[in-house]
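Please look at the protein chain shown below and keep it in view while reading.

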Amino acid sequence: MTSVATRAKRRPAAGPPSASRRSQAVAGWLFSLPFVLVFLVFYAWPIIWSLLMSLTDMTSRDLRAPFDVNFVGLENFATVLTDPDFFRALLNTAIVVVVAVPAILVIALLLAVAVNNGIRRGKAFFRTVYYIPVVTSIVAIAVVWKFLFADEGTVNAALGLFGADGPAWLADPFWALPTIILLVIWRCFGLVMVIFLAGLQGIPEGIYEAARVDGAGAWRRLVSITVPMLLPTVLLSAVLMTVAVVQVFEEPFVITQGGPLNSTTTMAIYIYDQFGFGKYSTASAASYILFAIIALLSLIQFRLLRSKT
């Protein structure tokens, strides 16, 4: 108690900031001012404006007088939540997330382990090949995918070699969404594989050596060592992929434009269509519903995995 009281007595009394500190603070704000202005104009203001727009009846006809719109409260949110097309888009998006995100994580983990430990030669080559879809234009990939899965495309031609008749992948409401999901998985697993490779570098090799001495096989080492020690990386990748896949837009838009019969319409396409129809307030309300869903999914993932990391 005496030492604490002595330190408290020696602590200088809080007074007005000195002139040098004030000048440093002013210099700091001046250096930060360009970023603050860019953030306010191009980030904060559009977010605030879209939120206000979702509470009005603004349409494309109000662009010349945007401040003459009427306040309607939460009416646009109720309109979106009672729209059957929105629930179809929500269901399609949920299917893509539930199937694609776990598949991306599993494929990326297995490939990362193989590239890190199993492949002796050509590691740089395999890392590059697996990462190429991430840096390739998604529009170009989607166009190629469209030709591959056309009625007379490469996939059906390959199936024909075995005497099987392939379905109309992109024209059949049953097969169109799985075809889109396959493209999403193929495009995203390379990025997660690189993240897992970075995580694998942090696991001490001595742990694996000790496990080998104890007779643990490859599968046992993967389940008992690699996966538990990679859980923080898995959490990061799961959140990143969930946020990205929930907003999937380019793949279905370029390949099917939401069809056939809305079987590939995602929430991002639904919002895009509302803007295209001139229903700006409805599109803004749908955007904030999508934001709430992303925040909720991220919170659930953090709660489920944080206790194990």
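The structure is a predicted model, in which local features need pLDDT of at least 70 and side-chain atom pairs count only at pLDDT 80 or more, while totals for chains, interfaces and linings use all residues. Residues are numbered from 1 along each chain as its sequence is written, and side-chain values use heavy atoms, with hydrogens and water left out.

The chain is assigned domain 1 (25–72) and domain 2 (79–303); such bounds come from an automatic or database domain assignment. The C-alpha centres of domain 1 and domain 2 are 33 Å apart. Across the boundary, eleven residues of domain 1 are in contact with seven residues of domain 2, where contact means heavy atoms within 4.5 Å.

Where is empty space left in a protein? Rolling a probe the size of a water molecule over the atoms shows this. On a 1 Å grid over the protein atoms alone, a pocket is an open set of points with protein on both sides within 12 Å along at least five of seven lines, whereas a cavity is a set of points where a 1.4 Å probe fits but cannot get out; lining residues have an atom within 4 Å of a point. Grid points are joined across faces, edges and corners, and a volume is the space filled by probe spheres set on the points. The largest pocket here has a volume of about 290 Å³. Its lining consists of Ile47, Ser50, Gln247, Ala268, Ile271, Phe275, Ser284, Ser287, Tyr288, Leu290, Phe291 and Ile294. Two or more of the lining residues come from each of helix 2 (19–53), helix 13 (267–276) and helix 14 (280–306). Helices (H or I, at least four residues) and strands (E, at least two) are DSSP runs, numbered from the N terminus. Which helix gives the most to the lining of the largest pocket? Helix 14 does, with six residues. By class, the lining has eight nonpolar, four polar and no charged residues. In this scheme Ala, Val, Leu, Ile, Met, Phe, Trp, Tyr, Cys and Pro count as nonpolar, Asp, Glu, Lys and Arg as charged, and the others, Gly among them, as polar.

The aromatic rings come next. The structure holds 18 aromatic pairs. Rings of Phe, Tyr and Trp (its six-membered ring) pair if their centres lie within 6.5 Å; planes under 30 degrees apart count as stacked, over 60 as edge-to-face and the rest as tilted. Why is the pair of Trp145 and Phe149 tilted? The ring centres of Trp145 and Phe149 are 5.4 Å apart and their planes are at 35°, so the pair falls in the tilted class. Trp145 is buried, with a relative accessible area of 9%, and Phe149 is buried with a value of 9%; buried means under 20% relative accessible area, exposed over 50%, and partly exposed in between (1.4 Å probe, protein chains only). Phe249 and Phe253, by contrast, form a stacked pair, with 4.9 Å centre to centre and 15° between the planes. Phe253 counts as partly exposed at 25% relative accessibility. One aromatic cluster is formed by Trp145, Phe149, Trp169, Phe174, Trp175 and Trp186.

The backbone also deserves attention. Most residues other than glycine have a negative phi, and most peptide bonds are trans. A cis peptide bond, with omega about -10°, joins Gly259 and Pro260. Pro260 is in the loop between helix 12 (250–255) and helix 13. Gln257, found in the loop between helix 12 and helix 13, has a positive phi of about 55° although it is not a glycine. Leu261 lies in the loop between helix 12 and helix 13 and has a positive phi of about 55° without being a glycine. Gln257 is exposed at 59% relative accessibility, and Leu261 is exposed at 71%. In helix 13, Met267, Ala268, Ile269, Tyr270, Ile271 and Gln274 are buried. Just after helix 13, Gly278 takes a positive phi of about 85°.

Val139, in helix 6 (residues 138–148), and Val254 are 115 residues apart along the chain, with their C-alpha atoms separated by 6.7 Å. Tyr131, in helix 5 (residues 123–135), and Ser298 are 167 residues apart in sequence and 25 Å apart in space, C-alpha to C-alpha.
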